[in-house]
Amino acid sequence: MPATFAYWKIRGLGQPIRLLLEYTGTDYEDKKYVRGPAPDYDGSEWLNVKYSLGLDFPNLPYYIDGDVKITQSNAILRYIARKNNLCGETEEEQVRVDIMENQAMDFRNATVRFSYSPKMNELKPGYLKDARNSIEQFSRFLGSKQWFAGDKITFVDFPMYELLEQHRVLEPSLFDGLQNIKDFLARFEALPKIAEYMKSDRFMGRPINGPAAFFGAS
């Protein structure tokens, strides 16, 4: 029986998980809940079932794999990663994974605040400066390695790909002079299962964010 992954019909927190499921060849249903249009952004399609699924902490995204029911995006990523030996093998790799798991979430939280702010255009110059500083830090951390934990891919490469790709959409010049970051993006997209998924009708390139966002809502 396939697992069920559920999230809003956007990339958001869901896209790294979808990418990881595809990379690992996991049999799963990709359930997408839809919000209504402005001004209410009706979420009743999700709210009507939210407390009927047996989730300890009902929220999106959720992942159901037989008797295992998980919420929280990083918990879902780690669960899938443990089943596929993608949490790092050496102590050094595992430490780098732990660091990047949290750095990625910090980066994402800043991105979400910017993307959903009514003052987005006013905030954009300052945000781009901060984003460039963050991406330079990621570039230094990556160095000459193939992946963020080392020479073997781990689950943290999936949220990092998604976040960097979103910023490539926002402002491509953020990556000027950072060849290792550009190479990382290209390397990820060239992974056979990822490349196949991105060419399929199952892949969702847009929207990045929900309908209330000022960036990536369409």
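## Tour of the cavities and the pocket

About 150 Å³ of space lies in the largest cavity. Keep in mind that this is a predicted model. The structure holds two cavities of 30 Å³ or more.

**Stop 1: the largest cavity.** Select Leu13, Pro16, Met105, Arg108 and Pro159. Among the 14 lining residues, these lie nearest the centre of the largest cavity. Now colour helix 3 (73-83), helix 4 and helix 6 (157-170). These are the elements that give two or more residues to the lining of the largest cavity. What is the class make-up of that lining? It has seven nonpolar, four polar and three charged residues.

**Stop 2: the second largest cavity.** Its volume is about 30 Å³. Select Thr111, Phe114, Ser115, Tyr127, Gln166, His167, Leu170 and Phe215, the residues that line the second largest cavity. Keep helix 4 and helix 6 coloured: they are the elements that give two or more residues to this lining. The classes here are four nonpolar and four polar, with no charged residues.

**Stop 3: Gln166.** Stay with one of the residues that line the second largest cavity, Gln166. Gln166 is found in helix 6. Is Gln166 buried or exposed? Its relative accessibility is 3%, so Gln166 counts as buried; the cut-off for buried is under 20%.

Next, show the contacts of Gln166. Leaving out residues up to four places away in sequence, Gln166 touches Arg11, Thr111, Ile208 and Phe215. Now draw a distance between the C-alpha atoms of Gln166 and Arg11. They are separated by 9.8 Å, although the two residues are 155 residues apart along the chain.

**Stop 4: the largest pocket.** Move on to the open space. The largest pocket has a volume of about 360 Å³. Which elements give two or more residues to its lining? They are strand 1 (3-8) and helix 4 (91-115). Helix 4 gives the most, with four residues.

Select Tyr7, Trp8, Ile10, Tyr116 and Gly210 to centre the view. Of the 21 residues that line the largest pocket, these lie nearest its centre. Colour the lining by class to finish: 13 residues are nonpolar, five are polar and three are charged.

Helix 4 is among the elements that give two or more residues to the lining of the largest cavity, of the second largest cavity and of the largest pocket.

Technical notes
Residues numbered from 1 in each chain as written. Predicted model: local features only at pLDDT ≥ 70, side-chain atom pairs only at ≥ 80, totals over all residues. Heavy atoms only, no water. 1 Å grid on protein atoms, 1.4 Å probe; cavity = no way out; pocket = protein on both sides within 12 Å on 5 of 7 lines; lining within 4 Å. Points joined across faces, edges and corners; volume = space filled by probe spheres on them. Nonpolar A, V, L, I, M, F, W, Y, C, P; charged D, E, K, R; others polar. Buried < 20%, exposed > 50% of the residue type's maximum accessible area, 1.4 Å probe, protein only. Contact = heavy atoms within 4.5 Å.
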